[in-house]
Amino acid sequence: MVQRRIPKIKDLAPLMHFKTPELNAKKRRLDAALTIADLRAIAKKRTPKAAFDYTEGAAEAEISLRRARQAFEDIEFHPSILRDVSTVSTGWDVLGAPVAHPFGIAPTGFTRMMQTEGEVAGAHAAGRAGIPFSLSTMGTSSIEDVKAANPDGRNWFQLYMWKDRDRSMALVDRAAKAGFDTLLVTVDVPVAGARLRDKRNGFSIPPALTPGTVLNALPRPEWWINFLTTEPLSFASLDRSSGTVAELIDSMFDPSVTFEDLAWIKAQWPGKIVVKGVQNLDDAKRLVDIGVDGITLSNHGGRQLDRAPIPFHLLPQVVREVGAHTEVHLDTGIMSGADIVASIALGARFTMIGRAYLYGLMAGGEAGVDRTIQILSEQVVRTMRLLGVNSLEELTPAHVTQLARLTPIAAPAVAAAAAVPTRRAPTRKPVVSASAAAKATVKPATKATTKPAAKPVST
């Protein structure tokens, strides 16, 4: 029988340890964020709906984005045990220069709309962490300001080709003179995707003040105070700085850009060149022939063509075919360090984070970006240790199985189309009596069936 007694003070003392309260509200909320999803929840509370939805949203029904994230959830890791993982290295060379982690900050537009510190906060944080920062053509901080914020780090400039080629190349020249080491040419935006959240919210530069936006802003006074008391929001590289995203893209971006134009751009740029927005193997091979230094498998975060290919699913095949000739990078859907480790294991040299970075920025400015990088880097290290590897070089496809929910039905469409007989001009058929027609039999069509979910995909 259990013997009970009154507890003694000396027995209770070791149990009574109280955490010192954190008086800094920003630090308190960021310290409480343990995942990128936690930062997202904070960001949603602190950011007006139109700005948050611009970050969060994708094109049309947002199927591409959901599928990209699902692809990372549908992986199975294969750890090894009894390995000495007391030390782990997360750095290696990317495009000929070292990075401290296998991820960097992707180019994002309208960034100061999300939080007033904008690209300068991202560049500062990236420089401290030893990872690249990418500035968008649609950025809200200048090339020179980003360089000043990250003077000794790696800065990449992302180029959209405009109809005015001279103005586009003037930006390229400015980036080269400022010491940016890589040109990131985005090629998946001949026209704007249908970003329906932005249309419904009336999202534009400058923000359109309506009764709805004002009402939505009332619980978020800090955002409005920052917005109204800092430099007016505008695109740093554009003369025109008003209108919706779609209006700006369709009026300024050049839908006629070809592989020949890309080769011409490459000839003008003195540093490394990476092409972002690659979505099939044939295009990857053509880019290798041009001599680019890297390709980024990406469907623009699901913000252009909905139902586009899933970059993570393309990765093994593209690495197998062209990985010996150029670096293969990856973005779209990355929300954890485990996603990054899986990408490296399947052959990616580098990954990029867009929404994850912006969630941190909205949650706490520069300190929030620091927290994003800290969360991801800790997750990368922990995942590597649990897999039993000490370095990125030790990660191989044997560590990951991709599980498939979406598989093609029956034969590919091209083969099916080839089997259809050629159409001929109609010929007059003899009249058939009703009794003869009743005797005719019709062979039922064979039904296509889908493969079961969660079937391993060969890598």
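Guide: What follows is a run of questions about the labels, each answered with a computed value.

Visitor: What kind of model is this?

Guide: A predicted one, and side-chain atom pairs count only at pLDDT 80 or more.

Visitor: Okay, salt bridges. How many does the structure hold?

Guide: There are 16 salt bridges in the structure.

Visitor: What makes Arg 197 and Glu 62 a salt bridge?

Guide: Their closest N and O atoms are 2.9 Å apart. The cut-off is 4 Å between a side-chain nitrogen of Lys or Arg and a carboxyl oxygen of Asp or Glu, so the pair qualifies. Arg 197 sits in helix 10 (residues 196-201) and Glu 62 in the loop between helix 4 (49-56) and helix 5 (63-73), so the bridge ties together parts 135 residues apart in sequence.

Visitor: Which residues are linked with Glu 62 and Arg 197 in a network of salt bridges?

Guide: Lys 49 and Asp 53 are in that network with them.

Visitor: What makes Arg 405 and Asp 74 count as a salt bridge?

Guide: The N to O distance is 2.5 Å, and the limit is 4 Å, so the pair passes. Arg 405 is in the loop between strand 12 (400-404) and helix 19 (413-418), while Asp 74 is in the loop between helix 5 and strand 1 (75-77), so this bridge joins parts that are 331 residues apart in sequence. Asp 74 is buried too, with 10% relative accessibility.

Visitor: And how do you know that Asp 261 and Arg 165 form one?

Guide: By the distance again: 3.3 Å, N to O. With the cut-off at 4 Å, that counts. Asp 261 lies in helix 14 and Arg 165 in helix 9 (residues 165-178), so the pair ties together parts 96 residues apart in sequence. Asp 261 counts as buried at 17%, and Arg 165 is partly exposed at 22%.

Visitor: On to Ala 33. Is it buried or exposed, and how do you know?

Guide: Buried: its relative accessibility is 1%, and the label needs a value under 20%. Ala 33 is found in the loop between helix 2 (25-31) and helix 3 (36-46). Beyond its neighbours within four places in sequence, Ala 33 has contacts that include Arg 371 and Ile 375.

Visitor: How far apart are Ala 33 and Gly 360 in sequence and in space?

Guide: They are 327 residues apart in sequence and 9.7 Å apart in space, C-alpha to C-alpha.

Visitor: What is in the largest nonpolar core?

Guide: It has 115 residues, and Met 114, Ile 295 and Phe 312 have the most contacts inside it. Helix 18 (residues 355-387) gives the most to this core, with 14 residues. In soluble globular proteins, nonpolar side chains tend to be buried together.

Visitor: What does Met 114 touch?

Guide: Leaving out residues up to four places away in sequence, its partners include Tyr 54, Phe 203, Trp 223, Leu 358, Leu 361 and Met 362.

Visitor: Which residues of helix 5 are buried?

Guide: Ile 63, Ser 64, Leu 65, Ala 68, Ala 71 and Phe 72. The buried residues of helix 5 pack against several elements, among them helix 4, strand 1 and helix 18.

Visitor: Why is the largest cavity called a cavity, and what volume does it have?

Guide: The term means a 1.4 Å probe fits but cannot get out. The volume is about 520 Å³. Of its 33 lining residues, the closest to the centre are Pro 107, Thr 108, His 300, Arg 303 and Gly 354. By class, the lining of the largest cavity has 16 nonpolar, 11 polar and 6 charged residues.

Visitor: And what lines the largest pocket?

Guide: The lining of that pocket has 19 nonpolar, 7 polar and 3 charged residues. Its volume is about 570 Å³, and Val 187, Asp 188, Val 189, Pro 190 and Val 257 are the lining residues closest to its centre.

Terms used: Residues numbered from 1 in each chain as written. Predicted model: local features only at pLDDT ≥ 70, side-chain atom pairs only at ≥ 80, totals over all residues. Heavy atoms only, no water. Core = buried A, V, L, I, M, F, W, Y, C linked by side-chain atoms within 4.5 Å. Buried < 20%, exposed > 50% of the residue type's maximum accessible area, 1.4 Å probe, protein only. Helix = DSSP H or I, 4+ residues; strand = E, 2+ residues; numbered from the N terminus. Contact = heavy atoms within 4.5 Å. 1 Å grid on protein atoms, 1.4 Å probe; cavity = no way out; pocket = protein on both sides within 12 Å on 5 of 7 lines; lining within 4 Å. Points joined across faces, edges and corners; volume = space filled by probe spheres on them. Nonpolar A, V, L, I, M, F, W, Y, C, P; charged D, E, K, R; others polar.
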